[in-house]
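Subject: A structure for you to explore

Hello,

Here is the structure I promised to pass on to you. Have a look at it first, and then read on for what turned up in it.

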Amino acid sequence: MNYDIIISGGGLLGFIAAIGLSNNSVSVAVIEKSNLQHVINDNRVFAISQGSRKILEKLGIWQIIESEAEPILDIFILDENSPVTVHYDHKIVSEEPMGYVISNTAIWDAINNNFLKKLNIYSPLSYKTIICDAGYVEVILDNDQKLISSLLICAEGKNSKLPELFSIPVMKFDYKQNSIVFNVKHELNHQNLAVERFFPGGPFAILPMKGGHTSSIVWTEKSEVSKMLMNLAEEEFIIELKKRFGSYLGEIRLEGRRKSYSLSFAFAKRLYKSRVLLIGDVAHLIHPVAGQGLNLGIRDIESIIKQITAVKAYGIDIGSSYLLKKISCDRYCDNFTMALATDWLNRIFSNRVFCTKTLRNLGLMVVENSNFLKKRFIHYAMGFR
């Protein structure tokens, strides 16, 4: 079978890319090794920036999931038990929310129910051989089906072997931290406030969810501490949770299961090779401290759709080095800046060194008293470059 583009990886970004490209008359095939019939149902949530919302709206996705999204109107940043705080109010920049919190399940339900039947999906299958010639990509699947296209987009995630297969250098390291993700019910309404509190083991984020009395927690700790916390009985875990959560939302209780995810960093030194283009976590796996991983991937997709549809109208090869270099140049600076910023934030806040703590508290004071800096940070967090 011949397609304009083959996407390897049927995760969120793989399918969002397929939906966006198909909407623009680009023929796409999606290869996914897992069985798509299973229901995606976990407790993870995503913070969708205002910029990402606008992109998803253009793709016809946001209109379907909007009712499940909870706006973020304010953000409080705290350094452990320090009295110094930073308050980001969305009204400093605009009347629009800074972003939205939406569950992983809600996004998958929207994709499963509204888009999957319209896409060309090869699942559960993987590639056996990939051949990149001068003018095309040939993918032979493990059932011996042959797919041919002008471009292969890799959206496989952090465990992908494609960068190694095509000798694309990737900088990697382990943060030796885990994020425990779970939801809590609380007595008082969250008032659309997101809180990020920094402790020596890592950031502790409270994200407002739909209904006003539920929040998602992303609790990052050193790996060995995280394992101990996961082994605690629910009553003991809540005691530890309350020490970090505080009392501003009244009484709290766990809702659903706790899940732990190990954290690592990966950054591809180049985004393409031959006719293969990397997007999402396989290109830039960043620390979740600012909740920007999915937003970076959505901006990758926006750039791809814009560049490919522009040249396709003129009959230009969509797998050409000229086009892939253009996409890479458009995305590299944004990817690198966010990767550096999130890594730096985690390192500078996740330690007990007195001088560092003094400097970061001073930095928080400066930001809190500067509308100019607040506007710049909010503008960037909202996904506007």
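Which residues of helix H4 (residues 104–114) are buried? Keep in mind that this is a predicted model. In H4, the buried residues are Asn104, Thr105, Ala106, Ile107, Trp108, Ala110 and Ile111. The elements that cover them include H1, strand E3 (45–49), helix H3 (62–65) and strand E7 (99–103).

After H2 comes glycine 60, which has a positive phi, near 80°.

Now for the helix pairs. Two packed helices are described by the angle between their axes and by the distance between those axes. On the H1 side you will find Leu13, Ile16, Ala17, Gly20 and Leu21, which meet Leu294, Gly297, Ile298, Ile301, Ile304, Ile305 and Ile308 of H8. Sorted by class, this contact of H1 with H8 has 10 nonpolar residues, two polar ones and no charged ones.

Helix H8 (residues 293–312) also packs with H2, at an angle of about 45° and with the axes 10 Å apart. H2 and H8 are therefore oblique to each other, and their crossing is left-handed. Ser52, Ile55, Leu56 and Lys58 of H2 make the contact with Asn295, Ile298, Arg299 and Glu302 of H8. By class, three residues in the contact of H2 with H8 are nonpolar, two are polar and three are charged.

Next, the inside. In soluble globular proteins, nonpolar side chains tend to be buried together. How many residues does the largest nonpolar core have here? It has 73, and Ile5, Ile7, Leu21, Val139, Leu147 and Ile308 are those with the most contacts inside it. Helix H1 (residues 12–23) gives the most to this core, with eight residues. Apart from the 73-residue core lies another core, of 19 residues, with Leu193, Val195, Ile206 and Ile252 among them.

A few spots in the backbone are worth a visit too. The peptide bond that runs from serine 123 to proline 124 is cis, with omega near -5°. You can find proline 124 in the loop between strand E8 (120–122) and strand E9 (127–132).

Two serines have a positive phi although neither is a glycine. For serine 25 the angle is about 60°, and the residue sits in the loop between H1 and strand E2 (28–31). Serine 25 is exposed, with a relative accessible area of 61%. For serine 274 the phi is about 55°, and its place is the loop between strand E18 (272–273) and strand E19 (276–278). Serine 274 counts as partly exposed, at 39% relative accessibility.

Where is lysine 222? Lysine 222 is in strand E16 (residues 214–222) and is partly exposed, with a relative accessible area of 34%. Lysine 176 is 46 residues from lysine 222 in sequence, yet their C-alpha atoms are 6.0 Å apart in space. Leaving out neighbours within four places in sequence, lysine 222 is in contact with Lys176, Gln177, Pro200 and Gly201.

Aspartate 142 lies in the loop between strand E10 (137–141) and strand E11 (146–149) and counts as partly exposed, at 44% relative accessibility. Between the C-alpha atoms of aspartate 142 and arginine 53 there are 37 Å, and the two residues are 89 apart along the chain. Aside from its neighbours within four places in sequence, aspartate 142 is in contact with Leu125, Ser126 and Lys128.

How values were computed:
Residues numbered from 1 in each chain as written. Predicted model: local features only at pLDDT ≥ 70, side-chain atom pairs only at ≥ 80, totals over all residues. Heavy atoms only, no water. Axes fitted to C-alpha atoms, helices over the stretch in contact; angles between N-to-C directions. Helix = DSSP H or I, 4+ residues; strand = E, 2+ residues; numbered from the N terminus. Parallel < 35°, antiparallel > 145°, perpendicular 65-115°, else oblique. Left-handed = near helix turned anticlockwise from the far one by under 90°. Contact = heavy atoms within 4.5 Å. Nonpolar A, V, L, I, M, F, W, Y, C, P; charged D, E, K, R; others polar. Core = buried A, V, L, I, M, F, W, Y, C linked by side-chain atoms within 4.5 Å. Buried < 20%, exposed > 50% of the residue type's maximum accessible area, 1.4 Å probe, protein only.
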